[in-house]
Amino acid sequence: MGFIAFLKTQFIVHLLIGFVFVVSGLIINFIQLCTLVLWPINKQFYRRVNCRLAYSLWSQLVMLLEWWSGTECTLFSDEATVNTFGKEHVIIILNHNFEIDFLCGWTMTERFGVLGSSKVLAKRELLYVPLIGWTWYFLEIVFCKRKWEEDRDTVIEGLKRLSDYPEYMWFLLYCEGTRFTETKHRISMEVAESKGLPKLKYHLLPRTKGFTTAVQCLRGTVSAVYDVTLNFRGNKNPSLLGILYGKKYEADMCVRRFPLEDIPQDEKEAANWLHKLYQEKDALQEMYNQEGIFPGKQFKPPRRPWTLLNFLFWATVLLSPLFTFGFGVFASGSPLLILAFLGLVGAASFGVRRLIGVTEIEKGSSYGNQEFKKKE
């Protein structure tokens, strides 16, 4: 094991990375709070500023994937589709099977210059999570309780507000509503059988309300839907904790582009279109499991230096005073100060671990275990 590989496994290094992310995130959130005064003066300028502030935070996680772990992301698509990346507003449909599926998506948005302006239809609980939810609030992320009767007006209002967004945005939809587990899959397929829908092997039954509403509200703004099917070579099941330990993975992403005008405007027909899409996604997963490859030409967009430079900037700004302060505490010889400092370190460690826990499948929400039994 080389020295760099050894460093990647050390808890103190993970703690320092977490410290930089958390403290820089709180600083960014405070700056975002100050930018609210810009909204009534120049809404579009407010949005552009917040896109860059969000980039400064999210790119630190992308840096871990690209530079720290060295994970490779390969696209399987056609040249015409790849040439549209970062040049149009789109809706992204991504399977929700892995703890770091969002991070692979962020990597692609970063490489095509739309990380800061990327959007998602997110569960409302995340709004109250420090850094994650707070940053999303200032980015006008659409939050929902996942109860359509209560969400309908909120989601429609949030989507329509994005119709004049000044920067190209990729709006992510997890149409399955929750991460794939065997229990949720079993219940989901029981619902599929009761509704006379074809069963899926690798996906949960897609929930159509969010998709059809997004298509209706963003029609005229969004140019296309990108269907993304993600898998990892070697049947790996990566985690954010694994990325933090420097484990390298190979992600394959099959991307298909569907012009929005090809998607039916009628809600029922659009829902049927989505169900058909998921049957195709299931077939793509089956092909990948059997052949170890997706159809289409392979593309490997080069990683850019900005994520690494951004992290090095924050590390320089924040770690220098931390080391100076820590040295001063231990040099003082005061047991009270030393204990207080160690307590602060312990609290920081707990906070970082809790943030990582948000991504873990086994600690995910129970949404879907019973909700699939209710009508959409």
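Reader: Does N235 count as buried or exposed?

Author: This is a predicted model. In it, N235 counts as exposed, with a relative accessibility of 74%. The cut-off for that class is over 50%.

Reader: Where does N235 lie?

Author: N235 is in the loop that runs between β6 (224–232) and α10. Its phi is positive, about 55 degrees, although N235 is not a glycine.

Reader: Turning to E140, what is its phi?

Author: Phi of E140 is near 65 degrees, which is a positive value in a residue other than glycine. E140 belongs to the loop between α6 (132–138) and β4 (142–144).

Reader: And is E140 buried or exposed?

Author: E140 is buried; its relative accessible area is 7%. Buried here stands for a value under 20%.

Reader: Let us move to helix α5. How many of its residues are buried?

Author: For α5 (residues 101–111), the count is 11 of 11, so the helix is largely enclosed by the rest of the structure. Among the buried residues are D101, W106, E110 and R111.

Reader: What comes just after α5?

Author: G113 is found there, with a positive phi of about 80 degrees.

Reader: Which helix holds L240?

Author: L240 is in helix α10, which covers residues 240–244. L240 is buried, at a relative accessible area of 10%. From L240 to I263 there are 23 residues in sequence, and their C-alpha atoms are 35 Å apart in space.

Reader: Now the whole chain, please. How many helices and strands are there?

Author: The protein chain has 13 helices and eight strands. Its radius of gyration is 22 Å, close to the 21 Å that the globule rule gives for 376 residues, so the chain is as compact as a globular protein of that length.

Reader: Into which domains is the chain divided?

Author: There is domain 1 (6–299), and there is domain 2 (314–357). Their centres, taken over C-alpha atoms, are separated by 34 Å.

Reader: Lastly, how many charged side chains are positive and how many negative?

Author: There are 44 positive and 37 negative side chains, and the centres of these two sets lie 4 Å apart.

Definitions and conventions:
Residues are numbered from 1 along each chain as its sequence is written. This is a predicted model: local features need pLDDT of at least 70, side-chain atom pairs count only at pLDDT 80 or more; totals for chains, interfaces and linings use all residues. Side-chain values use heavy atoms; hydrogens and water are left out. Helices (H or I, at least four residues) and strands (E, at least two) are DSSP runs, numbered from the N terminus. The radius of gyration is taken over C-alpha atoms; the globule rule is 2.2 Å times the number of residues to the power 0.38. Lys and Arg count as positive and Asp and Glu as negative; His and the chain ends are not counted. The place of a charge is taken as NZ of Lys, CZ of Arg, CG of Asp or CD of Glu. Domain bounds come from an automatic or database domain assignment. Buried means under 20% relative accessible area, exposed over 50%, partly exposed in between (1.4 Å probe, protein chains only).
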